[in-house]
Amino acid sequence: MDSQKLSATQSTENIALVVGATGISGSNLASKLIENGWKVFGLSRSPKNDIEGLQSIAADLLNEESLTIALSNISPTHVFFTTWMRNDTEDENIRVNSLMIRNLLNVVAVKKSVQHVSLVTGLKHYLGPFDAYATTGTLPETPLREEQPRLDLKNFYYAQEDEVYEAAARDGFTWNIHRPHTLIGKTIGNAMNMGTTLAVYASICKQEGSPFIWPGSDAQWNGLSDVTDAKVLADQIIWAANNPQAHNLAFNITNGDVFRWKWLWTKIAEWFQIEFEGYNGTVKPLETVLNDKNAIWKQIAKENQLIEDDLGQLASAWHTDLDLGRPLEVMTDMSRSRKLGFSVYKNTKDSFFELFEQLRNDKIIP
């Protein structure tokens, strides 16, 4: 089962504000909400609206005046915060990303319309921030569970959560936190986009006749892992917002299956009809490989009339390297939401293959 009929029938009385509607999680969420009858506004700094029924809003989350003007005629019942901004240090990540949430929730507070706020974070809640990514000497026990305590590390996810908790206490709305593993879904220009990054890398390998080389660690190659289809995340966000029993809780969210990369890597290579190399004792960062591939990608794009010839807009190798280079296997426990009735499941191989088909059909890869 890869979809779930939602228990509540929505009407336009539910007014959603999706913050970050151009990203992987935000765009898939906006589409699902619209399918379920919600009135949906999508907020981003530079909106690109290719979702039918989405009403786009341009605003700067770091500027409260900009938000006040942009939202002057909008009174959302639900706020879905699905974006973040990467900075050079974790201190700056904390300052900027907490400010974005604080500004947004301060602006909508005066309308007294917000009933529920959902925040999407991720597994760095358990693993640590980018500049200490699972390298602090104390690796968390897996499967990762929601009740595990916060790490004694600076982490902008914690700061974001605290902004939501403080505003909820002040304004009386309910909340949910959603913690996906690596998101698999279509978007362009996203900072964390493993599926498209691997599709671009495999396409370059095919063009050059070179093998699809595993870039990561032994622990990731041989250990168990899981990922999160962006549509599954959207289903959980809507399910939790609709179900009072699920309110005021944090939820892990993955596809529901587990796999080993040494199995999935071969399947991806088969899909692209290319040779592959697995882990052979050395980490081979993908960022180093793709740094030299801008010219070949422009050639591929020209030959195949692709819509994007800028490799940097498609591939986020730095993030893929972080995920695939972890020194431990990483998978999550889904018991909390399963016990409350969330039953959506997605086969991970299908997540990747459906994405590859979509990218090919949309002329993003050859």
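The views below come from a predicted model.

**View 1. Helices H1 and H8 pack against each other.** H1 spans residues 24-35 and H8 spans residues 230-242. Their axes lie 8 Å apart, at an angle of about 60°. H1 and H8 are therefore oblique to each other. The crossing of H1 past H8 is right-handed. From H1, the contact uses Ile24, Ser25, Asn28, Leu29, Lys32 and Leu33. From H8, it uses Ala230, Lys231, Leu233, Ala234, Asp235, Ile237 and Ile238. By class, this contact has 8 nonpolar, 2 polar and 3 charged residues.

**View 2. Ile365 sits in the segment after helix H15.** H15 covers residues 348-361. Ile365 is buried, with a relative accessible area of 1%. Setting aside neighbours within four places in sequence, Ile365 is in contact with Ala199, Val200, Ser203, Phe272, Trp297, Leu306, Phe356, Leu359 and Arg360. Gln160 is 205 residues from Ile365 in sequence and 35 Å away in space, C-alpha to C-alpha.

**View 3. Trp214 and Trp221 form a tilted aromatic pair.** Their ring centres are 5.1 Å apart, with 55° between the planes. Trp214 is buried at 0% relative accessible area. Trp221 is buried too, at 9%.

**View 4. Ring pairs link a cluster of aromatic residues.** The cluster holds Tyr201, Phe212, Trp214, Trp221, Phe259, Trp261, Trp265, Trp271, Phe272, Phe352, Phe353 and Phe356. Phe272 and Phe356 belong to this cluster, and both are in contact with Ile365. The model has a count of 20 aromatic pairs.

Note on methods. Residues are numbered from 1 along each chain as its sequence is written. This is a predicted model: local features need pLDDT of at least 70, side-chain atom pairs count only at pLDDT 80 or more; totals for chains, interfaces and linings use all residues. Side-chain values use heavy atoms; hydrogens and water are left out. Axes are lines fitted to C-alpha atoms, for helices over the stretch in contact, and angles run from 0 to 180 degrees between N-to-C directions. Helices (H or I, at least four residues) and strands (E, at least two) are DSSP runs, numbered from the N terminus. Angles under 35 degrees count as roughly parallel, over 145 as roughly antiparallel, 65 to 115 as roughly perpendicular and the rest as oblique. A crossing is left-handed if the near helix is turned anticlockwise from the far one by less than a right angle, and right-handed if clockwise. Contact means heavy atoms within 4.5 Å. Ala, Val, Leu, Ile, Met, Phe, Trp, Tyr, Cys and Pro count as nonpolar, Asp, Glu, Lys and Arg as charged, and the others, Gly among them, as polar. Buried means under 20% relative accessible area, exposed over 50%, partly exposed in between (1.4 Å probe, protein chains only). Rings of Phe, Tyr and Trp (its six-membered ring) pair if their centres lie within 6.5 Å; planes under 30 degrees apart count as stacked, over 60 as edge-to-face and the rest as tilted.
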